[in-house]
Amino acid sequence: MSEWPPAPGPGDRNRDWLDLGGAARPAAPAEAPPESRPEGRFAGISRAAAGVGARIGPAARSGLSRVRAAAGRVAGHPASRRAASATAALWRPAAAFARRVPWLRLSAALAVGLVLAYAVYALATLPVNGGLTVEPTASALVMRAADGQAFATRGVIKGAKLSPKEVPPVLAKAIVAIEDRRFYEHHGIDLRGLARAALRNAAAGGTREGGSTLTQQLVRMSYLSQDRTLKRKVQEAVLALWLESQLPKDEILTRYLNAAYFGAGVYGADAAAQRYFGKPAKDLTLSEAAMLAGLVRAPSQLAPHRNLDGARGRAAQVLDAMVETGAITTAEAEAAKRAPATVRVPTETPVGTNYFVDSVAESVRALIGTGPADATVRTTLDLTLQNIAESVIARRLDQDGERRKVSQAALVAMSTDGAILAMVGGRDYADSQFNRVTQAKRQPGSLFKLFVYLTAMRQGYRPDSTMMDRPTQIGEWEPENYGGRYRGAVSLRTAFAHSINTVAVQLAEAVGMPAVIETARGLGVTSDLPNLPSLALGSAETTLLEMTRAYAAVAAGAESIEPYSVRQILAREQPLYTRPQTAPTPARDQAARTAMLDLLSAVVREGTGKNARVSVPAGGKTGTTQDSRDAWFIGFAGDLVVGVWLGNDDNAPMAGVTGGDMPALIWRDVVTQALAARAKAGKGEAPRPEAARQNPGTSPGPRPETASLPEPDADPRARDLDDRDLTGRAVLRGSPAVVDTGTLDFDGRTVRLVGVDGLSGRNARELGRYLRRRDVACAPAGEGGAYRCSLDGKDLSELILFNGGGRASADATPDLLAAEEQARSNRIGIWRR
């Protein structure tokens, strides 16, 4: 069995048994015999170990040779020689006294032997694979919304390994000031620091301060366990002395910064800078460097994404320490305290966006694989629309879900070029990560009639073409209309608008089911579509995303639409992927598409989708499956396409819910608020592809009625109440009493706030304290008897909803609904979990 470590051969570098990857230590010059040097007592251990090894055999010789090598290195260390010299000066008088008292000499020898034996044992049991074990993790994805705002992070940011020249001086000074002020003076162990920590801990009655140097901390992170034992302390001290003899101070400090844990799952200063501040370590400011330096002592407790106030308080202590050590001036410290560091990259993904984030992560893997490094992903997400969608669904399910036996909902919104703007994959991501937009396959019901009618329009049928609504039988299958009624001769426009099943089945038989399937495939449906007569009524299972992309293609006048959520992927500012700026291919059958838009607008204007009517031209289609197990509405307004599904995961029937019921109402609320938000933000309707317009020479059916989007109102928060009340109606003023958060009392006159369902109890008491001795002005708002009130020029209803002090009522305006959505998104007030 060969000995370990192997002896260096000719020309080999003289290297220690823990290879640090640096330059080898030069060979020591020849010295006098060990007995003539003060460290001779330490070297004697080596000779004794060799003698014992000769007797116990080859099996133990390998292990003892390690002890011998370690003891020899300890004996040769400058600190060991100084300690031996000091020991020799104290040894002579002690030895003279011991010669006069024989038993004392024996006891002292025994004590020294035990100490040395324990030291040898600690060295012999040094772990080969010690140190922190960092589990392998995927590279981090920092996701940014369409407006550039970072909203989510997945994975663990790894950052770059810094070299000594890349360590920012401000961070080095901050770490040294707070963790090891005498770092550049000691040789790995700071006896003065140990004494100071012991005194302070004794005065505090417990452990309040550690005495470990940065070198000792690096040794513990790199080679040892985190156990609090005497053996580990001895090992740590010996290795710290050894490490100081091997590496310069700047290299030790750099390795410490690259290995330290800074919370939020990140190791290393550069990763922490990227994680918390969205920048590399070289760009850290003084306040940011102070915050990072303060984290290493308690990273989990002080991580700024969870405890920003605690992290800032610790950063202030670091700044004070830097002043005390002369690293910065008092003026610099005060300036940094006045402008504390702010977390710029969120670490907690907003709960509702997790379904979208999952989808993006999957897309990134498909585009670039696992990725070589941390990456930033520019996505298509519209955060405002996402908040609107989450809020509307939550409110509808909270209000009607239990009564109507609806437990789940899904929604996807996209632009007519396929960009996914919002995605709600279920009621609660924490309860279920199953994405009902992309993963759930359900029967679409009458939504599938889009493909039947579009195929018919391609084959020469027109919206005014007439067919008979009558009992129909194909083989043994006899489809029925909803409600069991038959209307006789009806136009295709009427049949589609009122979702007449018998006409759809006859039409599919006339044009051929293979042609219908081909139309569906061309519009992006990839699920299995069996060639059966019942397919005309949506008996095959598809996903919400598949159906929504098909309707988006019809709305855009495009041959097909490819949904996407990733615009660009960057790694260290270098693009790994950029989506080509290409428009969808115009459809070849423009006359058929124009006729189809006529049919879809009729559904909203006069048919089963009347609940989806909004202030702009819109079109869409309802879908309901047998026993109300699934209810859908997919529609478009301008360049916005939104698909909604409601149902239960166990496929249990709902209580009479149809596509024109709750799904259409959800669609209407989302689109209404989205249009208002876009108008307020100054976003106009995107033009449709050129091919979507009527071509000369075509003879389409009647076009949908048109309506212009009204000019957006000014921000109500910027308008004074008296400006809104131009009709001379009485305005109530004063300091009202609070009945509940939606009702005020002006000297016996009750005022109900517009748009607010009030809460009593604690919420009402807090509002009362807020309004105490403050002047509130209220004016009538509409015919419902509600009032619009202002406080210091701000809308009181909006203030209450924004702070989670109540729920939006049925008469809430878009700006009030947006305020409630913001409170729900921020989890404040009644929305706090």
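The protein chain has 27 helices and 21 strands. Keep in mind that this is a predicted model.

Me: How much of the protein chain counts as buried?
Reply: Of its 833 residues, 49% do.

Me: What share of the contacts links residues 24 or more positions apart?
Reply: Taking contacts in the chain with a separation of 6 or more, 68% are between residues 24 or more positions apart.

Me: Why are α5 and α9 called roughly perpendicular?
Reply: Helix α5 (residues 169–179) packs on helix α9 (residues 249–259) at an angle of about 90°, and their axes are 11 Å apart. Angles of 65 to 115 degrees count as roughly perpendicular, so that is the label for α5 and α9.

Me: Which residues make that contact?
Reply: From α5 you get Leu171, Ala172, Ile175, Val176 and Glu179, while α9 brings Leu253, Tyr256 and Leu257. Sorted by class, the contact of α5 with α9 has seven nonpolar residues, no polar ones and one charged. Glu counts as charged, and Glu179 of α5 is in the contact.

Me: What makes the largest nonpolar core, and which members touch the most others?
Reply: A core is a set of buried nonpolar residues joined through side-chain atoms within 4.5 Å. The largest one here has 82 residues, and Phe151, Phe451, Tyr453 and Met596 touch the most other members. Helix α21 (residues 544–556) gives the most to this core, with 10 residues. There's another core lying apart from it, with 60 residues, including Val142, Leu214, Leu286 and Ile328.

Me: What is Phe451 in contact with, leaving aside neighbours within four places in sequence?
Reply: Val516, Thr519, Ala520, Leu523, Val525, Met547 and Ala550.

Me: Why is Thr416 called buried?
Reply: Its relative accessible area is 8%, and buried means under 20%, so Thr416 is buried. You'll find Thr416 in the loop between β4 (408–415) and β5 (420–424). Neighbours within four places aside, Thr416 is in contact with Ala555, Ala556, Ile561, Pro584, Gly638, Asp639 and Val641.

Me: How do you know that Ser499 counts as buried?
Reply: Again, the cut-off is under 20%. Ser499 comes in at 11% relative accessibility, so it counts as buried. Ser499 is in the loop between α18 (492–497) and α19 (501–511).

Me: What is the phi of Ser499?
Reply: Positive, at about 55°, although Ser499 is not a glycine. As background, most residues other than glycine have a negative phi.

Me: And why does Ser628 count as buried?
Reply: Ser628 has 11% relative accessibility, so it counts as buried. Ser628 lies in the loop between β10 (618–624) and β11 (630–637). Its phi is positive too, about 55°, and Ser628 is not a glycine.

Me: What makes Ala818 partly exposed?
Reply: Partly exposed sits between the buried cut-off of 20% and the exposed cut-off of 50%. Ala818 has a relative accessible area of 37%, so it is partly exposed. The residue belongs to helix α27 (residues 814–826).

Me: How many residues apart in sequence are Ala818 and Ser391?
Reply: They are 427 residues apart in sequence, while in space their C-alpha atoms are 8.9 Å apart.

Definitions and conventions:
Residues numbered from 1 in each chain as written. Predicted model: local features only at pLDDT ≥ 70, side-chain atom pairs only at ≥ 80, totals over all residues. Heavy atoms only, no water. Helix = DSSP H or I, 4+ residues; strand = E, 2+ residues; numbered from the N terminus. Buried < 20%, exposed > 50% of the residue type's maximum accessible area, 1.4 Å probe, protein only. Axes fitted to C-alpha atoms, helices over the stretch in contact; angles between N-to-C directions. Parallel < 35°, antiparallel > 145°, perpendicular 65-115°, else oblique. Contact = heavy atoms within 4.5 Å.
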